[in-house]
Amino acid sequence: MKLKEKSISFLISLIIISSMLFSTAAGSDTGDGQQEKVLTISMSTFTTLDGGFPSPLTLNPRGGGYVMTSYCFDTLVWPDETGNFIGLLADSWESSDDGLVWTFHLREGVKWHDGEPFTSNDVVFTLDYIKNKPLVTAVDASWYNTAIMERVEAPDDSTVVITLTQPYAPFIPLVAGVIPIMPEHVWKDVQDPAKYSNMDAAIGTGPFILEDYDMNHKSYKFSANEDYFLGRPVIDTLIHIQTSDAVLSLKTGEIDESNLAFDQIQALNGSDYLKVISGPSYSVYRLRFNIPSNDILNNTEVRKAIYHSLDCKDIVNRVLHGGGIAGNSGYVPPYSKWYNPNVTQYEYDPEKADMMLDKAGYQQRDKDGVRLDPEGNRLEFQLLYCSDQKSQRLAELIQIYLKNIGISTVLKSADMQTVDGLVGEGNFDLAIYMHGTTNYPGRMLNPLPAITGWNNTEFISLAKEQIVTTDEDERKELVNRMQVLIADNVPTIPIMYKNLYCAFNQDKFDGYFYTPDGIGGGSYMEHNKLVYIYGSWNGETLRTTEGGNRVTANSIGILVSLAIFVSAFIFIRRSSRRP
């Protein structure tokens, strides 16, 4: 074969090979000629937290764990984009006039991921099973509140009747809309559900099927449930990963969506294909006191003095840079319908804080300016906080503010799970605690005695009363009184509430939203599973560098082939000129 003929043959081969390589890199084929629709997302605010195996009794009780479980499991009802509850496993429902009996009419034709039929017996089994195996035990406030259920019955395969021990105002959002229904045929012989993490433990009726969970990498892979009763998800594969730099990962296309802080949103300049949505959050950064174990912090006047020493408006600007608002002494954020503005306020007043500490008996100071108790001990506390950047900055500012009134703090950082553990054990003095809360008083306010150690009998009485009061005006008055007590006693200091932000590649997928009252009884995340049922797959577009022109997969293939062609042609021409 002549050199020219060999050259042409070689070039054609190179073009064919390059085209094959490019088509492989561009995406996998589903078998019917269509590219697989893969969406990769990240919860950047949970980079140190494992959401746990996604079954109803092994998930991590923070919001991220519930989201993962909700992909696989359905509840009887579920909130939509407007916050209204629609039927999932239940087609319709009604309650008796006294609010004690709830009847749910189940959707027909629903199947578990393994093909077994879903019936009312599965609902009865689930509610009875988890009643004695609660994940969280806070009074009147848990992921699975079954304590108010007297009995659950199934008169037929498509009807469930739940009889309560007393009226329960938030029954729909905090019970029917929270408890994931489990398959009896999988769980009936499981004696220790907290340790059961076989793959069949994730069998549910939900829109996604678990394909892989990696505890070490905190990653999840889900595939679409082809037979989901609300319709097949618009994506084929949903992948959750962790990333140390969400902004960079979004820009490079490593991930397609992530929740972000306000300052991270500012770093997305020029990324027109990244759509940003925002909304108010019930995520609170608060200063927690070890009231039961520390005699000094058990003094209400000391806690009030500490409140007056903190400039919360300045703190929120320095830490969140405009991405949130200062906390409210009554604990309920101002954008909640339950907010009571008529409570005691604690303006920044270090002089007043000094006078209050003097009056409380801590007027003496050592050579460093640290106050002393009557026995000569320094007012020095350990301040525990999570090791993320914002919590660290907040801890440093609190340390400075407290030093100004003669209180010394020793900073101690740890990852989120360690902080949760130390606080849960009562092994701390002061702690900066960041967590989501909710717009439901039964979960927002009722747990305060349990999560602060502040056992105010009047507050506990009001908490019990408001939860069984179905008249909303009467309930609002009770909740107002609860906020007054919180502000007057300062069991905790809500320093600031952060806003919610997320960014996603709208050229690939669009449809994210924030559910007004959250999902799962108050998880304020953009990952409502209905997003993946009713959202829009817009196809994948490949890009050059950040801020550059967008190019299609075909054009990239042509450019790659041409580059190889030119390089090969130059090589052959040079070779042909050699003696």
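**Entry 1: a pair within one helix**

I began with Glu301 and Lys304, which form a salt bridge with the closest N and O atoms 3.8 Å apart. I note here that the model I am reading is predicted. Both residues sit in helix 8, which covers residues 300-309. Because they are three residues apart there, about one helical turn separates Glu301 from Lys304. I then looked up how open Glu301 is, and found a relative accessible area of 36%, so Glu301 counts as partly exposed.

**Entry 2: salt bridges across the chain**

How many salt bridges does a search of the whole structure find? I got 20 salt bridges.

Is Arg107 buried or exposed? I read a relative accessible area of 19% for Arg107, so I wrote it down as buried. The cut-off for buried is under 20%. Asp91 has a relative accessible area of 49%, so I listed Asp91 as partly exposed.

Another salt bridge is between Asp510 and Lys275, with the closest N and O atoms 3.4 Å apart. These two are 235 residues apart, and they too link distant parts of the chain. Asp510 belongs to strand 20 (residues 509-510), while Lys275 belongs to strand 12. Lys275 is partly exposed, with a relative accessible area of 30%.

I found an open sheet of seven strands with mixed pairing, in the order 8-9-10-1-11-19-12. Which strands are at the edges? They are strand 8 (208-214) and strand 12, each of which pairs on one side only. From one strand to the next, the twist averages 15°.

I went through some of the pairings. Strand 1 (residues 38-42) runs parallel to strand 11, and two bridges join them. In this pairing, Ser42 stands opposite Ser258 of strand 11. Strand 11 covers residues 257-259 and is antiparallel to strand 19, with three bridges between the two. Here Ser258 stands opposite Ala503 in strand 19. Strand 12 (residues 274-279) also pairs with strand 19 in the antiparallel sense, over six bridges. On that side, Val276 is the residue opposite Ala503. I noted for my own use that strands of a sheet pair through backbone hydrogen bonds, either parallel or antiparallel.

**Entry 3: strand 19 in detail**

I stayed with strand 19, residues 500-505. How many of its six residues are buried? I counted six of six, and the strand is mostly covered. I then took the two faces in turn. On one side are Leu500, Cys502 and Phe504, and on the other are Tyr501, Ala503 and Asn505. All of these are buried, and both faces of strand 19 are covered.

**Entry 4: positive phi values**

Next I looked at backbone angles. Most residues other than glycine have a negative phi.

Tyr331 has a phi near 80°. I placed Tyr331 in the loop between strand 14 (324-326) and helix 10 (350-359). With a relative accessible area of 2%, Tyr331 is buried.

Val490 has a phi near 45°. Where is Val490 found? I located Val490 in the loop between helix 16 (472-489) and strand 18 (492-498). Its relative accessible area is 1%, so Val490 is buried too.

**Entry 5: cysteines**

Last, I searched for disulfides. A disulfide is a covalent bond between the sulfur atoms of two cysteines. The structure holds zero disulfides.

Cys386, with a relative accessible area of 9%, is buried.

Methods
Residues numbered from 1 in each chain as written. Predicted model: local features only at pLDDT ≥ 70, side-chain atom pairs only at ≥ 80, totals over all residues. Heavy atoms only, no water. Disulfide = S-S within 2.5 Å. Buried < 20%, exposed > 50% of the residue type's maximum accessible area, 1.4 Å probe, protein only. Helix = DSSP H or I, 4+ residues; strand = E, 2+ residues; numbered from the N terminus. Pairing = 2+ DSSP bridges. Salt bridge = Lys/Arg side-chain N within 4 Å of Asp/Glu carboxyl O. Axes fitted to C-alpha atoms, helices over the stretch in contact; angles between N-to-C directions.
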